[in-house]
Amino acid sequence: MKIEIVEWWEKLLEFLAFDCAAIEFNIQGSVRIHFMTMYGEVYFQSDHDDIESARTFLEKCRFRKFDPTPERLQFRGPHQVSHFYLAETPKPDRIFLEE
């Protein structure tokens with residue numbers, strides 16, 4: 001599956017294990033958030049009217065915008081994901097997982 005990523009977000013789940021969220025604009029001007037594992041498995045998708053409401057939703061789910069600092073780039077990051085695939089079964093509860 002192809003995703004035109006506008007912003008990357010991430011959430012630390014455990015030591016060096018992250019979930020990622022990619023924001024993508026839809027043709028109608030709305031946005032879609034693709035929630036995925038750090039290996040590109042898209043386990044849930046969420047549509048929002050605009051990018052600000054998508055960002056607010058991600059913050060409520062305890063995701064933070066990916067900041068490619070030199071320290072963060074020492075570990076696997078969402079910017080390294082190049083192939084995306086849909087999970088066989090959506091897992092909407094996973095977006096609320098905490099560390």
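You're looking at a predicted model, in which local features need pLDDT of at least 70, side-chain atom pairs count only at pLDDT 80 or more, and totals for chains, interfaces and linings use all residues. Numbering starts from 1 along each chain as its sequence is written, and side-chain values use heavy atoms, with hydrogens and water left out.

**Fold and overall shape**

- The chain has one helix and six strands, both being DSSP runs numbered from the N terminus (helices are H or I with at least four residues, strands are E with at least two).
- Read from the N terminus, the order is β-β-β-β-α-β-β.
- For 99 residues, a compact globule would have a radius of gyration near 13 Å, and the chain agrees because its own value is 13 Å; that radius is taken over C-alpha atoms, and the globule rule is 2.2 Å times the number of residues to the power 0.38.
- Along the principal axes, the C-alpha atoms fill a box of roughly 35 × 30 × 25 Å.

**Surface and charge**

- The chain carries 12 positive and 18 negative charges, and their mean positions sit 1 Å apart.
- For that tally, Lys and Arg are positive, Asp and Glu are negative, and His and the chain ends are not counted; each charge is placed at NZ of Lys, CZ of Arg, CG of Asp or CD of Glu.

- Of the 99 residues, 42% are buried (under 20% relative accessible area; exposed is over 50%, partly exposed in between, with a 1.4 Å probe and protein chains only).
- Among contacts (heavy atoms within 4.5 Å) with a separation of 6 or more, 50% link residues 24 or more positions apart.

- Phe57 lies in helix H1, residues 51-60.
- Its relative accessibility is 23%, so Phe57 counts as partly exposed.
- Beyond its neighbours within four places in sequence, Phe57 touches Ile33, Phe35, Ser46, His48 and Ile95.
- Phe57 and Cys20 are 37 residues apart in sequence and 14 Å apart in space, C-alpha to C-alpha.
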